[in-house]
Amino acid sequence: MTKSEYISTLSRELKRLGVQDSGDVIEEYEQHFEFKCADGCTEEEVAARLGSPAALAALSAVGTLYYSAFVRQLIRAWTRFSQNTMAAARGQAALPVAPRFVPSKTCVLRRIALVSLAIFAAGFVLAAVLSMIFAGSLEFWHAWNWFGYAA
């Protein structure tokens, strides 16, 4: 696949997925082709190393969605911080830092957290005991040479 074929396929896929900054993405990949060709690679080699244009377009779309969600969360956090700062300056009550749940939900969430913690702790202890048994040593990490030194 040549540079023009690759770029046109990538452009078509980006437009199909509705990526807003598709022009910037296309410019980046055109520059990539130019740099690699200047290093002595052929256009076909560069296209093969980059992989499928459809996969790149999908990754760009996912990255765009992730970035927009991240920016949205930053704006929400800044708004909450600003509201709490202004409320504190006026002597008013600030917004709660942690979400408030109905008492019945709080009880259920607490029970889930404690059960999860107990299961994790039991699994950790069981894994350590089994590791000691199978290694034949209390310091099983030495017996298995995990950190570069043997027992």
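Begin by selecting Ser-131 together with Phe-140 and Trp-144, the residues that Ser-131 touches once those up to four places away in sequence are set aside, where contact means heavy atoms within 4.5 Å. This is a predicted model, in which local features need pLDDT of at least 70 and side-chain atom pairs count only at pLDDT 80 or more, while totals for chains, interfaces and linings use all residues. Residues are numbered from 1 along each chain as its sequence is written, and side-chain values use heavy atoms, with hydrogens and water left out.

Stay on Ser-131, which has its place in helix α5, residues 103-135; helices here are DSSP runs of H or I with at least four residues, numbered from the N terminus. Ser-131 counts as buried because its relative accessibility is 15%, the classes being buried under 20% relative accessible area, exposed over 50% and partly exposed in between, with a 1.4 Å probe and protein chains only. Show the side chain of Ser-131 and the backbone of Ala-127, and you will find a polar atom of that side chain 2.8 Å from the backbone oxygen of Ala-127.

Now select the whole of α5. Following α5 comes Gly-136, with a positive phi near 75°.

From there, move to Phe-140, Trp-141, Trp-144, Trp-146 and Phe-147, which form one aromatic cluster. A search of the whole structure finds eight aromatic pairs, a pair being two rings of Phe, Tyr or Trp (its six-membered ring) whose centres lie within 6.5 Å.

Next, go to helix α1, residues 3-17, where 15 residues reach 21 Å from the first C-alpha to the last, close to the 21 Å expected at 1.5 Å a residue. Colour Tyr-6, Ile-7, Thr-9, Leu-10, Glu-13 and Leu-14, the buried residues in α1. Viewed down the helix axis, the buried residues of α1 fall within an arc of 165°, so they line one face of the helix; the arc is that of the directions from the axis to the C-beta atoms. The buried residues of α1 pack against α2 (22-38), α3 (43-50) and α4 (53-90). Turn to the other side of α1, and Ser-4, Arg-12, Lys-15 and Arg-16 are exposed there. Just after the helix, Gly-18 takes a positive phi of about 75°.

Within α1, select Lys-3, which counts as partly exposed because its relative accessibility is 22%. Leaving aside neighbours within four places in sequence, Lys-3 is in contact with Glu-30, Phe-33, Glu-34 and Glu-43. A distance drawn from Lys-3 to Glu-13, C-alpha to C-alpha, gives 15 Å for residues that are 10 apart in sequence.

Finish with the cysteines. The structure holds zero disulfides, a disulfide being a pair of cysteine sulfur atoms within 2.5 Å. Select Cys-41 and Cys-37: the closest cysteine sulfur to that of Cys-41 is the one in Cys-37, at 7.3 Å, which is too far for a bond. Cys-41 is buried, with a relative accessible area of 17%, whereas Cys-107 counts as partly exposed at 37% relative accessibility.

Definitions and conventions. Phe/Tyr/Trp six-rings, centres within 6.5 Å; stacked < 30°, edge-to-face > 60°. Helix = DSSP H or I, 4+ residues; strand = E, 2+ residues; numbered from the N terminus. Polar contact = N/O pair within 3.5 Å; in protein donor to acceptor, adjacent residues only side chain to side chain. Expected span 1.5 Å × (residues − 1).
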